[in-house]
Amino acid sequence: MTKHPDALDALAAAPAAELQETLLEICSSPAWAAAVAASRPWSDRDALLDANAKAMAGLTVQDLADAMAGHARIGKPKTGDATSEREQSGIQGADTALLDELHEANAAYEAKFGHVFLICATGRTAATMLASLRERFPNDAATEAEIVRGELRKINDIRIDRLLGES
């Protein structure tokens, strides 16, 4: 893993408003961004990832809704949003029938749970995302909320690593 301590130091030293803006690009929950910001300075990458995990664990139902609002529907990356397109690159090349199935399954999920199906899509194909959606559909709302919390944490970890220039 390539380390860029200067990126972590710069993030930790950023003025509050700039840090808030940067953190909201990682996760659109203001409560998450405030909790992560309050945990600085971070001694290393792992400390920042730990701050992400702790902040995610503390989110309320409304905070989770705020965090999910920043994510595109699976199978429909936000046009012109490099992050959304990169994270959902696994849908590229999927056939129309599969994408139609994904769209229908998304609609059923959204009708049941009242929010987009959220999964850490990085490295997943359209078929594996559809399988996960179908596997999770029978969950009750509380179970699904905890799975979503975990998926958001994974997404944030990837975005933090990217921000720090680590791969």
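Me: Where is N156 found?
Reply: N156 sits in helix α9 of this predicted model. Helices here are DSSP runs of H or I with at least four residues, strands are runs of E with at least two, and both are numbered from the N terminus.

Me: How are the residues numbered, and what does a predicted model imply for the values?
Reply: Residues are numbered from 1 along each chain as its sequence is written. The model is predicted, with local features needing pLDDT of at least 70 and side-chain atom pairs counting only at pLDDT 80 or more, while totals for chains, interfaces and linings use all residues, and side-chain values use heavy atoms, with hydrogens and water left out.

Me: Is N156 buried or exposed?
Reply: N156 has 0% relative accessibility, so N156 counts as buried. Buried means under 20% relative accessible area, exposed means over 50%, and partly exposed lies in between (1.4 Å probe, protein chains only).

Me: Which residues does N156 touch?
Reply: Not counting residues up to four places away in sequence, N156 touches I26, C27, W32, N52 and M56. Contact here means heavy atoms within 4.5 Å.

Me: Which residues of α2 and α9 meet?
Reply: On the α2 side they are T22, E25 and I26, and on the α9 side N156, R159, I160 and L163. The residues of this contact divide into 3 nonpolar, 2 polar and 2 charged. In this grouping, Ala, Val, Leu, Ile, Met, Phe, Trp, Tyr, Cys and Pro count as nonpolar, Asp, Glu, Lys and Arg as charged, and the others, Gly among them, as polar.

Me: At what angle do α2 and α9 pack?
Reply: Helix α2 (residues 16-26) and helix α9 (residues 141-163) pack at about 130 degrees, with their axes 9 Å apart. The axes are lines fitted to C-alpha atoms, for helices over the stretch in contact, and angles run from 0 to 180 degrees between N-to-C directions.

Me: What is that arrangement called, and why?
Reply: The two helices, α2 and α9, are therefore oblique to each other. Angles under 35 degrees count as roughly parallel, over 145 as roughly antiparallel, 65 to 115 as roughly perpendicular, and the rest as oblique.

Me: R159 was in that list. Which residues does E87 contact?
Reply: Leaving aside neighbours within four places in sequence, E87 is in contact with A121, T122, I155 and R159. E87 and R159 are 72 residues apart along the chain, and their C-alpha atoms are separated by 9.8 Å. E87 belongs to helix α6 and is buried, because its relative accessible area is 10%.

Me: What about H71?
Reply: H71 is in the loop between α5 and α6 (82-87). With a relative accessible area of 11%, H71 is buried. Its contacts, not counting residues up to four places away in sequence, are K78, V116, L118, L152, I155 and R159.

Me: New topic. Which residues touch the most other members of the largest nonpolar core?
Reply: Of the 43 residues in that core, they are L23, W32, W42, L48 and L152. The elements giving two or more residues to this core include α1 (5-13), α3 (30-38) and α4 (45-57). A nonpolar core is a set of buried Ala, Val, Leu, Ile, Met, Phe, Trp, Tyr and Cys residues joined through side-chain atoms within 4.5 Å.

Me: What is W42 in contact with?
Reply: Beyond neighbours within four places in sequence, W42 contacts L8, L11, A12, L19, V36, A47, L48 and A51. One of these, L8, is in helix α1 and counts as buried, at 8% relative accessibility. The C-alpha atoms of L8 and D44 are separated by 7.2 Å, although these residues are 36 residues apart along the chain.

Me: Which peptide bond is cis?
Reply: The bond from R40 to P41 is cis, with omega near 5 degrees. P41 lies in the loop between α3 and α4. In general, most peptide bonds are trans.

Me: Last one: what does UniProt list for residues 13-160?
Reply: An unreviewed UniProt entry lists "domain: Oxo-4-hydroxy-4-carboxy-5-ureidoimidazoline decarboxylase" for residues 13-160. UniProt positions are given in the numbering used here, feature names are shortened, and annotations may be inferred rather than shown by experiment. The span is 66% helix and 0% strand, and its end C-alpha atoms lie 16 Å apart.
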